[in-house]
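This report describes one protein model for a reader who is new to structural work. Please keep the sequence and the structure in view while reading.

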Amino acid sequence: EVRAVIDFRHGVSGWDFAQAIKAAEPLEAAALDRKSWLPPDELRDGLVIARLMTGDAEGARRAFESLAPFSRRPPGDFRTALLAAYVEAKSGEGKAGSE
């Protein structure tokens with residue numbers, strides 16, 4: 001998981017979203033098992049954006065929802081609301097295109 005943290009941060013900071021997603025797999029599993037290797041909001045923000053940037057709106061929504069209980073941000077936090085709006089907008093795009 002230590003290597004995954006390095007790879008995740010490198011992927012997110014370098015806009016290599018495929019790398020970030022791959023590295024996030026064990027980190028997300030650890031976070032859901034309450035054994036987080038990095039701040040849960042950092043993992044959630046980075047993973048959600050990486051999934052959105054690769055066109056995986058459903059995966060972004062799942063990551064947003066599954067990691068939400070571990071957030072340390074207060075209710076009504078602007079960053080969380082903005083992230084939720086991105087997820088909602090991209091989720092709506094896929095539904096609108098399939099009708």
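## A buried leucine and the core

At 5% relative accessibility, leucine 38 is classed as buried. Buried here means under 20% relative accessible area, exposed means over 50%, and partly exposed lies in between (1.4 Å probe, protein chains only). The model is a predicted one: local features need pLDDT of at least 70, side-chain atom pairs count only at pLDDT 80 or more, and totals for chains, interfaces and linings use all residues. Residues are numbered from 1 along each chain as its sequence is written, and side-chain values use heavy atoms, with hydrogens and water left out.

Leucine 38 is located in the loop between H2 and H3. Helices (H or I, at least four residues) and strands (E, at least two) are DSSP runs, numbered from the N terminus. Between the C-alpha atoms of leucine 38 and valine 2 there are 9.5 Å, although these residues are 36 residues apart along the chain.

In soluble globular proteins, nonpolar side chains tend to be buried together. A nonpolar core is defined as a set of buried Ala, Val, Leu, Ile, Met, Phe, Trp, Tyr and Cys residues joined through side-chain atoms within 4.5 Å. The largest nonpolar core has 23 residues, and those that touch the most other members are Phe8, Leu27, Leu38, Leu43, Val48 and Val87. At least two residues of this core come from each of helix H1 (2-13), H2, H3, H4 and helix H5 (78-98). H2 supplies the largest share of this core, seven residues.

In helix H4 (residues 57-67), the buried residues are Ala57, Gly59, Ala60, Ala63, Phe64 and Leu67. Seen down the axis of H4, these buried residues fall within an arc of 160°, so they line one face of the helix. The arc is that of the directions from the helix axis to the C-beta atoms.

A salt bridge is a side-chain nitrogen of Lys or Arg within 4 Å of a carboxyl oxygen of Asp or Glu. By this rule, the model has eleven salt bridges. The table gives three of them.

| Salt bridge | Distance, N to O |
|---|---|
| Arginine 73 and aspartate 45 | 2.5 Å |
| Arginine 79 and aspartate 45 | 3.2 Å |
| Aspartate 77 and arginine 73 | 3.8 Å |

Salt bridges that share partners join Asp45, Arg73, Asp77 and Arg79 into one network. Which of these residues are buried, and which are exposed? Arginine 73 is buried, with a relative accessible area of 18%, and aspartate 45 is buried at 15% relative accessibility. Aspartate 77 also counts as buried, at 19% relative accessibility. Arginine 79, by contrast, is exposed, with a relative accessible area of 54%.

## Tryptophans and loops

Rings of Phe, Tyr and Trp (its six-membered ring) pair if their centres lie within 6.5 Å; planes under 30 degrees apart count as stacked, over 60 as edge-to-face and the rest as tilted. By this rule, the model has one aromatic pair. The rings of tryptophan 15 and phenylalanine 17 have centres 5.6 Å apart and planes at 55°, so the pair is tilted.

Tryptophan 15 lies in the loop between H1 and H2. Its phi is near 60°, a positive value in a residue other than glycine. Arginine 34 likewise has a phi near 60°, which is positive in a residue other than glycine. Arginine 34 is placed in the loop between H2 and H3 and counts as exposed at 69% relative accessibility.

Tryptophan 37 lies in the loop between helix H2 (17-32) and helix H3 (40-53). With a relative accessible area of 44%, tryptophan 37 is partly exposed. Together, Val2, Ile6 and Trp37 make a nonpolar surface patch of about 300 Å². Patches are made of residues with over 30% relative accessible area and no salt bridge: like charges are joined within 9 Å, and nonpolar side chains (Val, Leu, Ile, Met, Phe, Trp, Tyr) within 5 Å. Accessible areas come from the Shrake-Rupley method with a 1.4 Å probe; for residues, only the protein chains shown count as cover.
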